[in-house]
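This report is for a reader who has not seen this structure before. Please look over the sequence and the model first.

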Amino acid sequence: MQILLRLSRIIDNLNELIGRLTYGLVILMVLVGVWNVIGRYLGRSIGQNLTSNALIEIQWYIFDLVFLLGGAYALKHNEHVRVDIFYTKWSPKRKALANLIGTILFLIPFSIIVVIVSWGAVVNSWAILETSPDPGGLPRYPIKTMIIVSFVLLFLQGISEAIKNYLVVFAGKSKLSPHQESNESEF
């Protein structure tokens with residue numbers, strides 16, 4: 001059991017690091033977006049083009065990264081969307097059981113399917129070094145690769161959550177704390 005718990009902590013730490021780095025991307029995305037707006041209007045007034053398709057696409061790509069890399073981090077912190085009409089009133093053990101079943105039946109298989117289905121498109125994109133069709137556009141193959149990376153991270157976080165929920169359900173842990181920062185004291 002300690003090996004599984006250690007694996008869970010490694011996955012949690014990886015997704016925590018990636019999630020915290022993603023915070024910086026949000027600020028960068030906003031700055032690029034602000035520049036795109038200011039550059040468009042200021043450029044019109046002075047008769048100079050101060051923005052480009054590449055800057056617009058950089059803003060899109062950063063948004064993609066925030067969305068894709070934030071998924072596993074959101075799962076780790078229990079910030080994903082949940083219809084919790086009944087869930088909020090359940091005991092910690094029942095919540096853990098619902099989370100465990102949902103992770104095993106839906107999250108993990110879905111993550112695997114997305115990686116499998118995306119693989120061919122990403123490989124083809126790399127094979128032709130796909131770029132944007134817009135003038136001055138950016139390469140597309142790196143951002144397409146992030147689809148696979150993000151779902152592998154989500155899959156791994158699903159494994160971590162399954163381990164922690166398993167401990168609550170079957171190993172008699174009294175508190176559902178798989179989404180808390182400090183697991184060491186509880187598990």
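## Basis

The model is predicted, so local features need pLDDT of at least 70 and side-chain atom pairs count only at pLDDT 80 or more, while totals for chains, interfaces and linings use all residues. Residues are numbered from 1 along each chain as its sequence is written, and side-chain values use heavy atoms, with hydrogens and water left out.

## Helix α2

Helix α2 covers residues 53-76, which makes 24 residues. Helices (H or I, at least four residues) are DSSP runs, numbered from the N terminus. From first C-alpha to last, α2 reaches 35 Å, close to the 34 Å expected at 1.5 Å a residue; the expected span is 1.5 Å times one less than the number of residues.

A kink of about 40° in α2 is centred on G70. The bend at a residue is the angle between axes fitted to the seven residues ending there and the seven starting there. Just after α2, N78 has a positive phi of about 55°.

## The largest pocket

The largest pocket holds about 420 Å³ of space. Its lining has 19 residues, of which H80, R82, N99, G102 and T103 are the closest to the centre. A pocket is an open set of points on a 1 Å grid over the protein atoms alone, where a 1.4 Å probe fits, with protein on both sides within 12 Å along at least five of seven lines; lining residues have an atom within 4 Å of a point. Grid points are joined across faces, edges and corners, and a volume is the space filled by probe spheres set on the points.

α3 (92-127) is among the elements that give two or more residues to this lining, with α2 and α4. α3 gives the most, six residues. The lining divides into ten nonpolar, seven polar and two charged residues. Ala, Val, Leu, Ile, Met, Phe, Trp, Tyr, Cys and Pro count as nonpolar, Asp, Glu, Lys and Arg as charged, and the others, Gly among them, as polar.

## The second largest pocket

About 260 Å³ of space lies in the second largest pocket. Of its 13 lining residues, V66, F67, L68, G70 and G71 are the closest to the centre. G70 is also where the kink in α2 is centred.

α2 gives the most to this lining, with six residues. The lining has eight nonpolar, five polar and no charged residues.

## Residue S160

S160 is in helix α4 (residues 141-170). S160 counts as buried because its relative accessibility is 0%; buried means under 20% relative accessible area (1.4 Å probe, protein chains only). Leaving aside neighbours within four places in sequence, S160 is in contact with S8, I11 and D12, contact meaning heavy atoms within 4.5 Å.

Conventions: Buried < 20%, exposed > 50% of the residue type's maximum accessible area, 1.4 Å probe, protein only.
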